[in-house]
Amino acid sequence: MAWKNPAGVMVVMVAGSSCLLIERADWVGFWQSVTGSIEPGESLLEAAARELFEETGFGPAHGQLIDAGYRETYDIFPRFRYRYDPEISQGTLDVFWFVMNAQHAPILAPAEHLDYTWLHLNDAQLKVIAGPNRTAIERWLMLEEKEK
């Protein structure tokens, strides 16, 4: 069995003061931004663009993909550890923003996600379960506040 790469990307999708969250198919009630592992030979930006398209159908016509310039380290949830080498208990996520001019409905991959919702950024921050996702939304809120 090929182990999953613990190095990945997260893409936080924003339009104005709203954030798009998607619900995992393998964990009902687990809402998140786009996430996924980096494939061999792929740059961070390529991985972010690929994952964004695979999980939502969004591409350059829908918005701008921006490297947030930081990486989060997180503890892999026990229910997902079977996918990784047994020696691995932590992963990393390089964070990206996908800035959209308007809210669009994603085209979800049914094997990966069940539903989506657009929420105000403050509400989205409360709805996500994973700490790195909460931190990424908080960082976007801080950037927005600085621009006002």
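The legends below describe close-up views of aromatic rings and their neighbours in a predicted model.

**View 1. The edge-to-face pair of Trp-27 and Phe-77.** The count for this structure comes to six aromatic pairs. In the pair shown here, the ring centres of Trp-27 and Phe-77 lie 5.1 Å apart and the planes meet at 85°, so the arrangement is edge-to-face. The two residues come from distant parts of the chain, 50 residues apart, with Trp-27 in the loop between β2 (18-24) and β3 (31-32) and Phe-77 in the loop between β5 (63-75) and β6 (90-100). Trp-27 is buried, with a relative accessible area of 19%, whereas Phe-77 is partly exposed, at 28%.

**View 2. Phe-30 paired with Phe-77.** Phe-77 also forms an edge-to-face pair with Phe-30, for which the distance is 5.6 Å from centre to centre and the angle between the planes is 90°. Because Phe-30 belongs to the loop between β2 and β3 and Phe-77 to the loop between β5 and β6, this pair ties together parts that are 47 residues apart in sequence. Phe-30 has a relative accessibility of 4% and therefore counts as buried, the cut-off being under 20%.

**View 3. Arg-139 over the ring of Tyr-70.** In this view the charged end of Arg-139 is placed over the ring of Tyr-70, at 3.6 Å from the centre of that ring.

Methods. Residues are numbered from 1 along each chain as its sequence is written. This is a predicted model: local features need pLDDT of at least 70, side-chain atom pairs count only at pLDDT 80 or more; totals for chains, interfaces and linings use all residues. Side-chain values use heavy atoms; hydrogens and water are left out. Rings of Phe, Tyr and Trp (its six-membered ring) pair if their centres lie within 6.5 Å; planes under 30 degrees apart count as stacked, over 60 as edge-to-face and the rest as tilted. Helices (H or I, at least four residues) and strands (E, at least two) are DSSP runs, numbered from the N terminus. Buried means under 20% relative accessible area, exposed over 50%, partly exposed in between (1.4 Å probe, protein chains only). A charge sits over a ring if NZ of Lys or CZ of Arg is within 6 Å of the ring centre and within 35 degrees of the ring normal.
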